[in-house]
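User: I'd like to go through this fold with you, one question at a time. Can you walk me through it?

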Amino acid sequence: MATQEYVRITFQVLFYLHLLITAALVVFIPVYGLTSDSRSHNFHPLKWYLPILASTACGGVIGFMWQWITFKKPRKALRATFWFTPLLTSLMAAMFVHIGTSLSLVVGTVSFLSAVAQSFYGCCVSSRFEYATNILSLSIAFPSAKSKMLALSSILIGVLYCCFLVFGIGGATAIQEKAKLAYIYILVIMLSLCWTMQFLKNVIQVTISRVAYLHILEVHMDANEANRDTIKNFTGCVAMGSILVPVMTLLRSFARLTCCCVGCYMTVSSVLMNHGNRWGFVHVGVYNHGFLESSYVAWDMFTRVGMLPIIDSDLTGSLCFLSGVAVGAICSMLSGMLSLLMHQSYAMDVSIYAFFIGYFMCRLAMGWLQACVSAYYVAYAENPMSNQFDSTIPDRLEEIKRSRASSPDPETILN
């Protein structure tokens with residue numbers, strides 16, 4: 001316990017320290033870049049800032065609207081995500097090709113190949129849509145009004161933070177022709193964007209999964225109180241998980257693509273998931289466990305009750321990922337088209353920044369939906385015989401067993 005507490009405090013300190021360093025950079029660089037002689041005379045602040053700030057606001061609005069649509073119409077939202085995301089990614093690829101630089105051609109080609117992969121993936125997993133819709137509907141059936149307000153407030157915080165970082169990126173862009181460290185400043189700011197937006201999303205994960213888990217047990221907890229507890233007591237765990245979960249997920253996807261047999265993949269996957277997975281956030285909030293311990297306990301429960309086939313093929317993560325890609329593509333196209341009209345040389349850079357901002361804004365908005373599904377799975381794994389659950393999960397397990405007996409179910413790579 002002492003070691004876990006030390007790790008928790010260490011990550012808490014590191015997270016707050018990184019926020020201070022990032023804030024100092026964001027405040028100093030624009031002031032220096034826009035007032036000193038090092039500023040490039042080719043930099044036009046209004047033409048650079050306006051497209052990316054507009055796309056940031058657009059990302060927040062679309063992200064909130066999409067999570068509301070997913071809540072109201074999960075069946076239609078899920079299918080729309082899997083079918084329209086490749087189209088939006090292709091349109092973004094066409095825009096990058098139209099920009100005409102060598103780098104934009106590379107990005108456009110990669111985007112187009114990604115769209116093809118998304119289309120193929122959607123066709124492979126279409127048989128899972130019905131179950132994914134059912135489990136999503138069950139998990140989000142009874143959200144509290146305060147949960148929705150909490151999701152909205154997190155989106156507003158995300159928009160403001162992204163705008164703050166955009167201010168710093170613009171300042172670094174203003175001096176990049178004369179300052180060798182400008183690209184390093186931009187890289188540091190973008191890394192801060194990734195970590196902080198993941199942190200905000202996972203604060204929602206811990207808070208909402210705790211409320212949803214207790215609701216399943218017929219225990220009421222105020223969402224605002226749960227959020228205060230998360231920020232006060234679990235900042236270190238959330239900060240650590242915000243680094244580990246994306247890394248472990250990426251390594252797991254790589255293992256899925258490279259392992260030559262199912263048994264090899266499952267072994268590698270179990271090792272990775274034991275050290276960090278999103279279902280661990282449920283026990284962080286409910287039982288005040290460390291993130292590593294919670295991840296191990298959650299994965300061990302799934303293994304013991306035979307739920308790994310469902311967890312491994314769950315489409316909730318894919319839904320949230322592809323939703324993020326779709327919103328990122330919309331923001332990228334908005335920013336890119338405005339830049340092409342106002343100042344073409346900015347189009348490539350601001351389009352890439354806008355894509356990442358739009359992606360993370362949507363992932364933040366979809367965080368409470370993913371938290372509800374995680375809570376449902378963990379609660380079921382702890383007590384599969386409870387009267388609180390219907391036959392959705394057992395029926396799906398039987399369906400997977402029958403399917404694997406005849407032909408392997410397509411593997412998912414976007415969990």
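Analyst: A contact here means heavy atoms within 4.5 Å. This is a predicted model, where local features need pLDDT of at least 70, side-chain atom pairs count only at pLDDT 80 or more, and totals for chains, interfaces and linings use all residues. Residues are numbered from 1 along each chain as its sequence is written, and side-chain values use heavy atoms, with hydrogens and water left out.

User: What percentage of the residues count as buried?

Analyst: Buried means under 20% relative accessible area, exposed over 50%, and partly exposed in between (1.4 Å probe, protein chains only). Over the 415 residues of the protein, the buried share is 53%.

User: Which side chain of opposite charge is nearest to Lys201?

Analyst: Lys201 sits in helix α7, residues 182-216, and touches Arg363, Leu364, Gly367 and Gln370, leaving aside residues up to four places away in sequence. Lys and Arg count as positive, Asp and Glu as negative, with His and the chain ends not counted; a salt bridge needs a side-chain nitrogen of Lys or Arg within 4 Å of a carboxyl oxygen of Asp or Glu. Lys201 is buried and has no salt bridge; the nearest opposite charge is 12 Å away, on Asp314.

User: How are the rings of Phe82 and Tyr121 arranged, and why?

Analyst: Rings of Phe, Tyr and Trp (its six-membered ring) pair if their centres lie within 6.5 Å; planes under 30 degrees apart are stacked, over 60 edge-to-face, the rest tilted. Phe82 is in helix α3 (residues 74-99) and Tyr121 in helix α4 (residues 102-124), so the pair ties together parts 39 residues apart in sequence. Phe82 is buried at 1% relative accessible area, and Tyr121 is buried at 4%. Their centres are 6.1 Å apart and the planes are at 25°, so the pair is stacked.

User: What about Tyr380 and Phe389: what kind of aromatic pair do they form?

Analyst: Tyr380 is buried at 7% relative accessibility, and Phe389 is buried at 12%. With 5.3 Å centre to centre and 80° between the planes, the pair is edge-to-face.

Conventions:
Helix = DSSP H or I, 4+ residues; strand = E, 2+ residues; numbered from the N terminus.
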